[in-house]
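The report below goes through selected elements and contacts of one protein chain, with the cut-off behind each term given where the term is used.

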Amino acid sequence: MTNQLESLKQHSVIVADTGDIESIARYRPQDATTNPSLILKAAQDARYRPVVDEAVAAAATTPADARAGDTIDRLFVGFGRRILELVPGRVSTEVAARLSFDTDATEAKARRLIDLYEAAGVPRERVLIKIASTWEGIRAAERLERDGIHCNLTLLFSFAQAVACADAGVTLISPFVGRIYDWYRKARGVEDIAREDDPGVASVTRIYHYYKRFGYDTQVMGASFRKTTQIIDLAGCDLLTISPDLLAKLEAGSGEVPRRLSVASAEASAVERLDLDEERFRWMHNEDAMATEKLAEGIRTFHADAEKLAQMMAGLAAG
């Protein structure tokens, strides 16, 4: 009998959500995603000290005022390069969260990361630049996509964000499931939410149906899961990015996973076309208290972990 992970692979592309290279080697996913929090965790692991040391050495001749940022860029790309030795597809590498409200700076940082990858012999087609789904981030991604730099719009919680990303022609979005579930569980004062009422699953389902019904090329990658049922209930989503602990649980689970999302289900849905300009985007997103709070919280968290990482790297560089 097949296990749930193998069955799930028949419906969705499986992506590892981790910076742990050994976990990626074990599960052999198609793609992998990273973020500042995951890289911070990996960089503190003695197994990956050579990746850290390489980044510090490569940035040693960078002018002092730019060295910290260059070291982090090289660290992210160093982990990405090693991940790409293990996966046949793409790796997602994130732009600094502090740039989330600056279109020009986000674009410049993305181009810098791509330059580092290409200098190391990695073609841009194998890299997804992760950018927070702010209005400014979406505009930066729109520019980058025109030059063949593919983007993964992350920290996506609202329908307005999803529609704006698709209209901008981004390659992929990462709508979060678990963080939405967390917010509503706390807001309702409950320990759990019934599987059939999971608001995170409902959010991704709505986005998937919208994209497929109206023929958008942007791919949907469900992200940020808390339990395997959330993953199983999105079987058929274009991609699903899953942490190693949940990959292990799916691998241990037996039985077939039925397809839940499909073009046919999208065509039968009741979603309506939405036209968004900046003003309407900002208002719709603002009206969603969960999305407003979780986007801001996510940007703060990623920035805080990036700062910890920068301090760690600076200490190593100082020797």
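## Strand E4 and its neighbours

Glutamate 94 stands opposite lysine 130 in E4, and this pair belongs to the parallel pairing of strand E3 (residues 91-94) with E4, which are joined by four bridges. Helices (H or I, at least four residues) and strands (E, at least two) are DSSP runs numbered from the N terminus, and two strands pair if DSSP finds at least two bridges between them. The model is a predicted one, in which local features need pLDDT of at least 70 and side-chain atom pairs count only at pLDDT 80 or more, whereas totals for chains, interfaces and linings use all residues. Residues are numbered from 1 along each chain as its sequence is written, and side-chain values use heavy atoms, with hydrogens and water left out.

Strand E4 itself covers residues 127-132, and six of its six residues are buried, where buried means under 20% relative accessible area, exposed over 50% and partly exposed in between, with a 1.4 Å probe and protein chains only. Val127, Ile129 and Ile131 point one way from E4, while Leu128, Lys130 and Ala132 point the other way. Alanine 132 has threonine 154 in E5 as its bridge partner, within a parallel pairing of E4 and strand E5 (residues 151-156) that extends over four bridges.

## Crossovers and barrel

E3, helix H6 (residues 103-119) and E4 form a right-handed β-α-β unit; a crossover is right-handed if, with the strands pointing away from the viewer, the path from the first strand over the helix to the second runs clockwise. From E4 the chain continues through helix H7 (residues 135-146) to E5, and this β-α-β crossover is right-handed.

Eight strands close into a barrel in the order E1-E2-E3-E4-E5-E6-E7-E8, with parallel pairing. From one strand to the next, the twist averages 30°, with axes taken as lines fitted to C-alpha atoms, for helices over the stretch in contact, and angles running from 0 to 180 degrees between N-to-C directions. Strand E6 (residues 172-175) and strand E7 (residues 219-222) run parallel and are joined by two bridges, and isoleucine 173 stands opposite valine 220 in E7. Helix H12 (residues 244-252) packs on the sheet, where it touches strand E1 (13-17) and strand E8 (239-242), and its direction makes about 110° with that of E8.

## Helix H5 against helix H15

The axes of helix H5 (residues 64-84) and H15 come within 10 Å and cross at roughly 100°.

Thr71, Ile72, Leu75 and Phe76 in H5 meet Leu309, Ala310 and Met313 in H15, with contact meaning heavy atoms within 4.5 Å. The residues of this contact divide into six nonpolar, one polar and no charged; Ala, Val, Leu, Ile, Met, Phe, Trp, Tyr, Cys and Pro count as nonpolar, Asp, Glu, Lys and Arg as charged, and the others, Gly among them, as polar.

## Two buried residues in helices

Lysine 294 is found in helix H15 (residues 289-318) and counts as buried because its relative accessibility is 9%. Leaving aside residues up to four places away in sequence, lysine 294 touches Phe157, Arg179 and Trp183.

Alanine 168 lies in helix H8 (residues 159-168) and is buried, with a relative accessible area of 9%. With residues up to four places away in sequence not counted, alanine 168 touches Ile138, Arg139 and Glu142.
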